[in-house]
Every structure is written in structure tokens, then in C-alpha cells.
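Subject: Structure handover

Hello,

Here is the structure we spoke about. My notes on it follow below.

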Amino acid sequence: RRTGGCPCRAYAAGVGRIRRLGGWPRRRSLALDATLALLVAAVSAIIAVEESRSVSDTVALLRLGTGLLAAVGTLLRRRHPLPLLAVAVLDSVLRGDMSVATPFAAYAVARYAPTPRQRWAALVPAAALTLAPWQFTSFTEGLNNVLLVGFLLVLPAVLGAWVRTRAELVAALLDRAERAESEQQLRAREAVLAERARITREMHDVVGHRVSLMVLQAGAIDMA
């Protein structure tokens, strides 16, 4: 007695599992982006209100504007990661501190920027500017800036690069599975056509043999 399922069903199940690995549903992605954008906007507004007590209204409004612009960039981070990083760096420079949008911008550039050259060309200057070496008035201040850049820019960028690599691997596996499925269907079709051709030849041989027998029998009857 045979055990186990049909190989075709097992193959189809494997292809289905690979397909389920690819990507997050679009609605959940949009909800996540909207939530992050609201978070950036809310935190930027709170910081601007707190800073308005120690700086002029113009500076506070300017910082609030860059924070809200960073929130808009966070909402569009999948399609336009590079402008988001530029706004986050500008916000960091104006504030003299790390922008709230910096981790999301670094992740987005490493994850969604189209080419490695663009990713490196964007992340390296961004790290240098947000590091703010002109603020290294003491060892403690410099160490604080290095740790902030490491945790809020480098680490999200590494995570984004890892997610991008995983997504590319899943896409390659899915493409390979689809090609294998197409090849399997093609081989199955060829096998069906070959079987039909074999049956046709056998029927032709049988019919030809029967016709030959009928002709011989008719000739024998005429001679009798």
C-alpha cells in the first residue's frame, strides 16, 4: 500500500508556502506608514512647543515645518526614501539633535533605494552630518553622538538592508518556483500529447490489421 500524498499536491503546497512569504498586504503597509507619519508629526509638534519657550517663534516654526515635512516623507517613504532622508538630516541640523524621522529614513533608504550606489551615497553623508562632529566639545558629547548615530541611523539601515536581502531572496525563490511550475505543466502537456499520439498509432495499426483481414477474407470467399 502506498503512503504519503501526491507529489503534485506536495509541489503545489511548496509553491504556495513560498508565495505566502512575499511581502505584507498593502493595506497593512499603508496603515503602518500612516501610523509612523502621525507619530513623527506628533513628536515634532511636542518638541516644537517645548522649544518655543527657549527660541524665537520663527525658529520654532521653522523646526516645526521641517518636522511636519519629515512626517509627510515618512508617509511616502516606500516610494521616495531619499527625500525623506534629506529632510530628516535637515531637521537634525536645524534642531542640533537627532530628528525623530531619522530611523525611519535610514531604514527606508536601505530597504527601498533602487541601487547600492544611491544607498551608500545617501547614508554615508547623512551619518556624517547627523554625527555633528562640530559638537564634539568633550569626550562625553562625542560618545553620545556616536551612540545616537549608531542606534538611530546605522542599526535601522542594517535592518533595512537585511529585510531587502530577504525580500530579494524570496522573490528569487518565487520566480524559480513559478518557472519550475511552468516547466512541470509543459512536461505534463507533452506527456499527454505523446500518449495521444501513441494511442492514435496503435488504433491505426489495429484498424489497418482488421481491414487487411477483412480484405483477405473477402478474397478467400470470392475464390471459393
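Which residues have the most contacts inside the largest nonpolar core? They are V40, L85, A101, V109, L123 and L153, in a core of 26 residues. A nonpolar core here is a set of buried Ala, Val, Leu, Ile, Met, Phe, Trp, Tyr and Cys residues joined through side-chain atoms within 4.5 Å, and buried means under 20% relative accessible area with a 1.4 Å probe, protein chains only.

This is a predicted model: local features need pLDDT of at least 70, side-chain atom pairs count only at pLDDT 80 or more, and totals for chains, interfaces and linings use all residues. Residues are numbered from 1 along each chain as its sequence is written, and side-chain values use heavy atoms, leaving out hydrogens and water.

The elements giving two or more residues to the core are α2 (26–51), α3 (57–75), α4, α5 (102–112), α6 and α7 (139–223); helices are DSSP runs (H or I, at least four residues) numbered from the N terminus. The most comes from α5, with six residues.

T102 lies in helix α5 and is buried, at a relative accessible area of 1%. Beyond its neighbours within four places in sequence, T102 is in contact (heavy atoms within 4.5 Å) with A88, S92, L152 and L153.

Helix α4 (residues 81–95) packs against helix α6 (residues 116–131) at an angle of about 10 degrees, their axes 10 Å apart. Axes are lines fitted to C-alpha atoms over the stretch in contact, and angles run from 0 to 180 degrees between N-to-C directions. The pair is therefore roughly parallel (under 35 degrees).

Regards

Notes. Angles under 35 degrees count as roughly parallel, over 145 as roughly antiparallel, 65 to 115 as roughly perpendicular and the rest as oblique. Buried means under 20% relative accessible area, exposed over 50%, partly exposed in between (1.4 Å probe, protein chains only).
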